[in-house]
Amino acid sequence: MMGASHNRTIYIGSYGAVSEPTILVCAFDGDKGEITVKQQVTGVENASFLAVDPSGLHLYAVSETGRTGAEIGGSVVSFAIEQGNGTLTELNRQLSHGADPCYITVDEGNKAVLVANYSGGNASLLPINEDGTIASATSIVREEAPLGSNTARQDAPHAHAIVVNGGYVYMNDLGTDLIHTFKIEEGTKLALQSSCKLHGGAGPRHIVFHQSLSTAYVMNELDSTITLLNVSDNGELTPVQTVSALPEGFAGYNDAADIHLSPSGRFLYSSNRGHNSIAVFTIDQADGGLTLIQNASCEGDAPRNFAVLPGGGQLLVANQKTDNIVLFKVDPETGLIQSEGTILEVPSPVCIRLGTAE
């Protein structure tokens with residue numbers, strides 16, 4: 001077993017009722033390939049996405065609901081992280097100002113959380129107070145545009161991810177096939193800079209930015225492709241290449257989901273729900289071009305989210321519909337992955353986030 005990850009806190013977010021443990025705090029032993037649950041957090045309905053701040057002192061979770069009490073929209077919950085063991089203590093909650101928040105991130109200066117509201121079709125910025133609590137939203141943006149060609153799924157704007165890179169904020173809109181670039185002004189306002197149009201019916205879901213190349217990669221949920229984008233100095237995106245994340249000849253149902261880079265920047269991984277696989281790509285180190293080299297079974301159904309461990313030698317996959325977390329060994333030279341089997345059973349796991357090393 002490759003133990004490059006050693007011991008680390010892992011946070012798992014799940015769908016579930018408010019009375020159920022939807023956030024698990026776990027200890028991951030990279031040498032043994034084992035996960036031990038340390039804390040089960042209840043009180044957050046549908047904790048479908050989590051974010052750990054850059055300092056490792058706080059964790060933020062969405063509650064992916066259509067309403068919060070009498071208010072329309074979901075909510076955002078802040079937690080203090082106990083240093084040394086990674087356990088969580090709730091600090092406060094705020095409205096997300098949009099239905100079904102599905103993605104949350106912390107800005108690079110650790111000054112705000114940014115939330116994508118899927119059904120609300122908008123994104124919100126909530127400032128972080130010095131004690132890690134979150135203030136009410138100071139900016140809510142919704143960009144109206146022509147809808148994509150997939151009439152069943154692209155019926156309205158659907159914000160599906162919001163990511164920070166190089167001082168810019170990027171919001172993927174599955175409903176309009178657009179990726180919007182924003183700047184944060186005065187720490188409180190999202191100001192639109194530019195928008196990148198993808199091919200019709202793409203349905204951009206998650207996006208990652210290369211560590212050393214001026215490139216980004218977006219996972220297109222609706223047609224199971226990945227688009228390589230050039231990234232300009234002013235944050236503008238330009239599509240360059242689009243490749244399938246599925247093996248040639250596959251014609252069954254599939255929704256693409258998550259996407260991550262290896263720590264070396266040499267490999268890209270994405271997940272397929274339906275084909276139920278992790279796709280592995282090599283990355284051309286000159287121009288960022290992608291070549292599909294493997295589709296490995298995810299050993300479950302609906303791999304909605306996964307995480308590449310530091311060191312790049314291991315990968316954890318959350319299979320939503322089979323309630324299991326699967327560990328994969330990664331060959332650091334080839335990027336190819338091999339299942340080590342299920343190491344934890346948990347109801348409806350949909351997000352894996354890495355905490356501090358222990």
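## Pockets

A pocket is an open set of points on a 1 Å grid over the protein atoms alone, with protein on both sides within 12 Å along at least five of seven lines. Lining residues have an atom within 4 Å of a point. Grid points are joined across faces, edges and corners, and a volume is the space filled by probe spheres set on the points. This is a predicted model: local features need pLDDT of at least 70, side-chain atom pairs count only at pLDDT 80 or more, and totals for chains, interfaces and linings use all residues. Residues are numbered from 1 along each chain as its sequence is written, and side-chain values use heavy atoms, without hydrogens and water.

The largest pocket has a volume of about 1100 Å³. Its lining holds 35 residues. Nearest its centre lie Tyr-103, Thr-105, Val-208, His-260 and Arg-353. Two or more lining residues come from each of β4 (50–52), β10 (101–106), β14 (159–165), β18 (204–209), β22 (255–261), β26 (303–308) and β30 (349–357). Strands here are DSSP runs (E, at least two residues), numbered from the N terminus. By class, the lining has 22 nonpolar, eight polar and five charged residues. Ala, Val, Leu, Ile, Met, Phe, Trp, Tyr, Cys and Pro count as nonpolar; Asp, Glu, Lys and Arg as charged; the others, Gly among them, as polar.

The second largest pocket has a volume of about 150 Å³. Residues lining this pocket include Asp-53, His-58, Lys-111 and Glu-130. Its lining has three nonpolar, five polar and three charged residues.

## Two open sheets

Strands of a sheet pair through backbone hydrogen bonds, either parallel or antiparallel. Two strands count as paired if DSSP finds at least two bridges between them.

Six bridges join β5 (residues 58–63) and β8 (residues 75–81). Ala-61 stands opposite Val-77 in β8.

A further open sheet of four strands runs β22-β23-β24-β25, again antiparallel. Here β22 and β25 (290–297) are the edge strands; each has a single partner, so one side of each is left without a neighbour in the sheet. Neighbouring strands are turned by 25° against each other on average, direction ignored. β24 (residues 277–283) meets β25 over seven bridges. Thr-282 has Thr-291 in β25 as its bridge partner.

## Salt bridges

The structure holds seven salt bridges (a side-chain nitrogen of Lys or Arg within 4 Å of a carboxyl oxygen of Asp or Glu). One joins Glu-64 and Arg-304 at 3.9 Å, N to O. The partners are 240 residues apart: Glu-64 sits in the loop between β5 and β6 (67–68), Arg-304 in strand β26. Both are buried (under 20% relative accessible area; exposed is over 50%, partly exposed in between; 1.4 Å probe, protein chains only).

Arg-93 and Glu-90 meet at 2.7 Å, N to O. Arg-93 is partly exposed at 36%, and Glu-90 is partly exposed at 36%.

Arg-153 and Asp-255 form another bridge, at 3.7 Å, N to O. This pair spans 102 residues, from the loop between β13 (139–141) and β14 to strand β22. Arg-153 is partly exposed at 26%, whereas Asp-255 is buried at 11%. Shared partners join Arg-153, Arg-205, Glu-221, Asp-255 and Arg-273 into one network.

Key
On a 1 Å grid over the protein atoms alone, a cavity is a set of points where a 1.4 Å probe fits but cannot get out, and a pocket is an open set with protein on both sides within 12 Å along at least five of seven lines; lining residues have an atom within 4 Å of a point. Axes are lines fitted to C-alpha atoms, for helices over the stretch in contact, and angles run from 0 to 180 degrees between N-to-C directions.
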